[in-house]
Amino acid sequence: MLKTHTLIILVTIALGLLQGCATPGASAQLATQGRSDNTISAGTLATVGTCEMDVAADWTALAMSRQRAARSLRAKTITVQQALQVQLLADSARQDLEAACPSTKAQLDVGRRDAARATLRQIAATLEKKP
Amino acid sequence: MTPQQARTVAAALMAAADKAEAQGSDQVETLAELRALDDAARADLAAAIKDAGG
């Protein structure tokens with residue numbers, strides 16, 4: 001008899017293997033027989049083929065890069081010019097992230113996501129330059 | 001992902017989950033929350049630039 005967490009891990013691995021075959025946007029639904037001991041009774045697991053979690057970290061990095069620029073400008077460790085450059089680059093990265101994953105049910109555009117990441121690296125380099 | 005980024009993502013997801021539950025929805029609008037996060041950061045940077053005479 002499998003423990004609950006072992007069962008969840010096995011199901012997650014199985015769904016991961018199935019992801020390549022999944023219809024984009026389809027939900028994976030898993031139901032098991034409910035038992036009086038602590039097995040899972042039913043649940044809809046993470047939707048396969050959607051992009052939002054693929055870009056969540058990048059969106060966060062984008063916001064944090066702007067926050068860092070604002071802090072650095074206020075601390076006078078970067079120039080206004082550097083801050084303006086960061087804002088422009090961040091706007092460009094945002095456009096790529098929007099295109100990479102325009103909606104919850106969309107499939108990830110890897111090229112646009114990678115373009116955003118390249119721009120985020122440029123922003124980091126801009127913030128590293130001494131005024 | 002750095003620990004700080006992970007905490008920021010987690011906070012955005014929690015806020016989105018709270019909002020979904022308050023609206024009686026079973027779908028979390030993660031992207032909307034992430035966009036709002038960047039909107040706020042953009043506005044703050046714009047304010048900092050303006051204050052610095054930019």
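## Disulfide

A disulfide is a pair of cysteine sulfur atoms within 2.5 Å. In this predicted model, the structure holds 1 disulfide over all chains. The partners are A:C51 and A:C101, with sulfur atoms 2.0 Å apart. The pair links distant parts of the chain, 50 residues apart. A:C51 lies in the loop between β2 (42-44) and α2 (52-74) of chain A. A:C101 lies in the loop between α3 (80-100) and α4 (110-128) of chain A.

The torsion about the S-S bond of A:C51 and A:C101 is about 75°, so this disulfide is right-handed. Buried means under 20% relative accessible area. A:C51 has 0%, so A:C51 is buried. A:C101 is also at 0% relative accessibility and therefore counts as buried.

## Nonpolar core

The largest nonpolar core has 30 residues. A:V55, A:W59, A:L62, A:I123 and B:L45 have the most contacts inside it. Two or more residues come from each of α2, α3 and α4 of chain A, and from each of α1 (3-22) and α2 (30-51) of chain B. α2(A) gives the most to this core, with 8 residues.

B:L45 reaches chain A directly. Leaving aside neighbours within four places in sequence, B:L45 is in contact with A:R66, A:A69, A:A70, A:A83, A:V86 and A:Q87.

## Confidence

Chain A has a mean pLDDT of 75, and 63% of its residues reach 70 or more. Residues 7-47 of chain A have pLDDT below 50. Beyond near neighbours in sequence, this stretch has 43 contacts in the model. Where pLDDT is low, the predicted coordinates should not be read in detail.

Terms used:
Residues are numbered from 1 along each chain as its sequence is written. Chains are lettered from A and ligands numbered from 1 in the order in which they are written. This is a predicted model: local features need pLDDT of at least 70, side-chain atom pairs count only at pLDDT 80 or more; totals for chains, interfaces and linings use all residues. Side-chain values use heavy atoms; hydrogens and water are left out. Helices (H or I, at least four residues) and strands (E, at least two) are DSSP runs, numbered from the N terminus. Buried means under 20% relative accessible area, exposed over 50%, partly exposed in between (1.4 Å probe, protein chains only). pLDDT is the predictor's confidence in each residue, from 0 to 100. Contact means heavy atoms within 4.5 Å. A nonpolar core is a set of buried Ala, Val, Leu, Ile, Met, Phe, Trp, Tyr and Cys residues joined through side-chain atoms within 4.5 Å.
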